[in-house]
Amino acid sequence: MLVFEFFSRLLALDLMWFVQLAMDNLVWVFVFGMAAFIYNNMKWSSKYFFVSVFYIWTLINFVPMVGWVYLVGGFFFLNYISRVIILTFAGNIESLKESFPAIMAVQFWLVLIYYNLFLV
């Protein structure tokens with residue numbers, strides 16, 4: 001449970017653990033920073049950054065189903081973005097306009113295989 005370890009490391013003043021945590025999860029640091037920037041009317045505030053980090057950490061610890069939300073959300077995001085790209089491409093070719101259902105089915109299965117092999 002990351003929240004409890006956070007408080008134990010904070011009380012022990014283990015600053016190297018915080019640096020290592022931030023460097024190991026650099027993408028998430030930028031995602032939380034971006035969320036803090038957006039929710040504070042496009043101004044940087046470390047208060048909003050730490051609140052968003054603490055909120056996600058407690059949510060992950062106390063709501064075990066949140067992992068399913070991230071997995072399914074990522075799959076749907078990848079599926080719909082690729083669907084828009086492929087159907088826009090297929091819509092510009094006259095011979096492919098009639099086979100949209102087949103193209104959508106192939107696209108769904110390719111995204112499902114790609115997501116399960118490389119992203120999960």
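Author: Buried means under 20% relative accessible area, exposed over 50% and partly exposed in between, with a 1.4 Å probe and protein chains only. This is a predicted model, where local features need pLDDT of at least 70 and side-chain atom pairs count only at pLDDT 80 or more, while totals for chains, interfaces and linings use all residues. Residues are numbered from 1 along each chain as its sequence is written, and side-chain values use heavy atoms, with hydrogens and water left out.

Reader: What share of the 120 residues of the protein counts as buried?
Author: The burial cut-off is under 20% relative accessible area. Of the 120 residues, the share that counts as buried is 22%.

Reader: Which elements make up the secondary structure of the protein?
Author: Helices (H or I, at least four residues) and strands (E, at least two) are DSSP runs, numbered from the N terminus. From that end the elements run α-α-α-α-α-α. The totals are zero strands and six helices.

Reader: How far apart are the end C-alpha atoms of helix 3?
Author: The expected span is 1.5 Å times one less than the number of residues. Helix 3 has 14 residues (26-39), so it should span 20 Å, and the distance between its end C-alpha atoms agrees: 20 Å.

Reader: Which residues of helix 3 are buried, and which are exposed on the other side?
Author: The buried ones are Phe-32, Gly-33 and Ala-36. They lie on the same side of helix 3 because they cover an arc of only 105° around the axis, taken from the directions from the helix axis to the C-beta atoms. On the other side, the exposed residues are Val-27 and Phe-30.
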